[in-house]
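These are my notebook entries from a first look around. Come along if this structure is new to you too.

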Amino acid sequence: MKHLVIIISILVAFNVNAKFVNGTVYDEAGLPLSGVNVVIKGQKSGVSTDVNGFYSIEVSSDKSILVFSTSGFETVEIKVGNSKLIDVTLALSKEVLIELAEEEDVSEMITSRPMLVAQMSKKAVNRSLSSSAYFHDQGVYHNTEEYATIHENGFRKVLDHALSTFSIDVDAASYSNMRRFINNGQLPQKDVVRIEEMINYFNYEYKDPTGKNPFSINTEVAKAPWNDQHLIAQIGLQGKKIELENLPASNIVFLLDVSGSMSAPNKLPLLKSAFKLLVNELRPQDKVSIVVYAGAAGLVLEPTDGNDKKKIMEALDKLQAGGSTAGGAGIELAYKIAKEQFVNGGNNRVVLATDGDFNVGSSSNASMERLIEKKREEGVFLTVLGFGMGNYKDSKMEILADKGNGNYAYIDNMKEAKKVLVNEFGGTMFTIAKDVKIQVEFNPAVVQAYRLIGYENRLLNNEDFNDDKKDAGELGSGHTVTALYEIIPVGVDSDFVKDIDPLKYQKVENETNSSTDELFTVKFRYKEPDGNASKLITSIVKNEVGNSSQNLNWSMAVAGFGMLIRDSEYKGDITYVDVLRMAKSAKGEDKFGYRSEFIELVDLAKSMSPQ
């Protein structure tokens, strides 16, 4: 008997040119527009923007044309081309402009257009603040936000303290959180403001690294703008830039807070929109898992290839907020999944998104610190993304990032999400050097006293510099890190320099190196991302004071602003006008508009300040 074998081949057709396009739709005031219809021209079905103005739509080819339309605004058509991210600004329709003109009793439309747009902006802002800020519509507002106390660094006499040691800090959460306060009409409390994070929110035009080291070293010295008898020394690092296609494969676990406290529009809805931007940056070789936690923790998306974007986004869309917050259980499960999917030589990372309001299981700052310190030994890095306000726990988020080989950003809107997860994707997600420490030895022949501006929560003991067991900050691909020292030269009278009584039981040697050519020596230690032994780099800074560069002018402007809103005792005679002048002169190219936004924030803060 003969057996007849029939093989049936099924060809599944698919469009290799299909892709997802994401973006945010804004009005002319720069506020997100919800409910905007986004369709592919020639098709009837499409999507609508969410409460944060975000949309995500699958297109069949680069030739597709997206049509954006909503009542009261002009319709816009945009060809997709090779873009994956398309932001759109919709202008008011002529009919609405005429209606507004009649309301404002304006007779000449041509001359009144700027006023009408300004009026529209004012009304939109008022609507936004009344409906969402501090969640007035959800009942009485109780502020339970938590911030660690910052004891500002003071001046230290070089003869008593020749060494200054600290860890780098690439976090930028303090800046965007500070911006949230000012945009909501109030100056932030002192402990919201971490000046080093404000400075490091911005990139600087430092030289690229050459040779084997993963970063370049850039130093500069100039007069302090708030005290012309003092100097400012800038130390800048430029991380090596690695193109996206050359980055190692990623094993990423999204750890998402879906507890009841995340129900507000600027929490879980914004989180979902933000993570869709990140999903769009994934490559086929990358894998993503999703762990969520509320009263308990659970896995809602098994490890999924980065090219299966539709499946990942559908998992995000299904998330809903409710229940208590078992953050500790979520961290345990996320790290377990990351370890199971570990990629040798790859980027293994947990991305935690939360308001930090943990209230079940391990929840105290001390217990979270012990938990995350244990997990960092497993070779998995951490990115912490903060959302929301009212119950925001900044102190807990900062501890998680600092102790977990991580970085920390605060997402207050889709523009910030785009900055962190798209424009700075490599720096946020890919570590090129870990445990980066800086130690500066000042020359007492020329330096009487110094103070490190910011980095209060990153200070290390001097002996920690050579101890490879001591944790320090991570540097991402393309990241810049900037630190400023304020220096009081020898011979300058200062109330900041305090003397102590002579010691009784030991002899104090006040001999110094007679050379005045060198201002200080700066040393760096770092480890490879998967290494355990640190490498040393040393650089000498000459005692030469020059004209400040655009880089230094900008960092001094940001530092000055930080001292003003903190009402620092070290702010000297600097004013908001001085900050604005320096910032405007140092704005530079400003590709993404971050520096222009800073100038607007300074102007707003100036109008709120008693000064």
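How much space lies in the second largest cavity? I found about 40 Å³ there. Before going on, I note that this is a predicted model, where local features need pLDDT of at least 70, side-chain atom pairs count only at pLDDT 80 or more, and totals for chains, interfaces and linings use all residues. Residues are numbered from 1 along each chain as its sequence is written, and side-chain values use heavy atoms, with hydrogens and water left out.

**Entry: cavities**

My working terms come from a 1 Å grid over the protein atoms alone: a cavity is a set of points where a 1.4 Å probe fits but cannot get out, a pocket is an open set with protein on both sides within 12 Å along at least five of seven lines, and lining residues have an atom within 4 Å of a point. Points are joined across faces, edges and corners, and a volume is the space filled by probe spheres set on them. Helices (H or I, at least four residues) and strands (E, at least two) are DSSP runs numbered from the N terminus.

I looked up the lining of the second largest cavity and found residues including Val 170, Arg 349, Asn 405, Glu 474 and His 479. Strands E17 and E20 (473-476) each give two or more residues, and E20 gives the most, with three. I sorted this lining into two nonpolar, seven polar and two charged residues. Here Ala, Val, Leu, Ile, Met, Phe, Trp, Tyr, Cys and Pro count as nonpolar, Asp, Glu, Lys and Arg as charged, and the others, Gly among them, as polar.

The count is three cavities of 30 Å³ or more. The largest cavity holds about 200 Å³. Its lining has 20 residues, with Val 170, Ala 172, Glu 424, Thr 428 and His 479 nearest the centre. Strand E16 (381-387), strand E17 (406-411) and helix H10 (414-423) each give two or more residues to that lining.

I see 42 lining residues, and Asn 203, Asn 423, Glu 424, Lys 591 and Phe 592 are the closest to its centre. The lining divides into 13 nonpolar, 14 polar and 15 charged residues.

**Entry: two helices**

How do helix H5 (268-280) and helix H6 (309-317) pack? I read an angle of about 170 degrees, with the axes 10 Å apart; axes are lines fitted to C-alpha atoms, for helices over the stretch in contact, and angles run from 0 to 180 degrees between N-to-C directions. H5 and H6 are therefore roughly antiparallel, a label for angles over 145 degrees. In their contact (heavy atoms within 4.5 Å), residues of H5 including Phe 275 and Val 279 meet residues of H6, among them Ile 312 and Leu 316.

**Entry: strands**

I then traced an open sheet of three strands in the order E4-E1-E7, with mixed pairing. Strands pair if DSSP finds at least two bridges between them. E1 (19-26) and E4 run antiparallel over six bridges, and Lys 19 stands opposite Val 59 in E4. H6 packs on this sheet, touching E1 and E4.

Elsewhere, four bridges join E2 (37-40) to E5 (65-69), antiparallel. Four bridges also join E5 to E6 (76-79), again antiparallel. In the hairpin of E5 and E6, Gly 72 takes a positive phi near 90 degrees.

Definitions and conventions:
Parallel < 35°, antiparallel > 145°, perpendicular 65-115°, else oblique.
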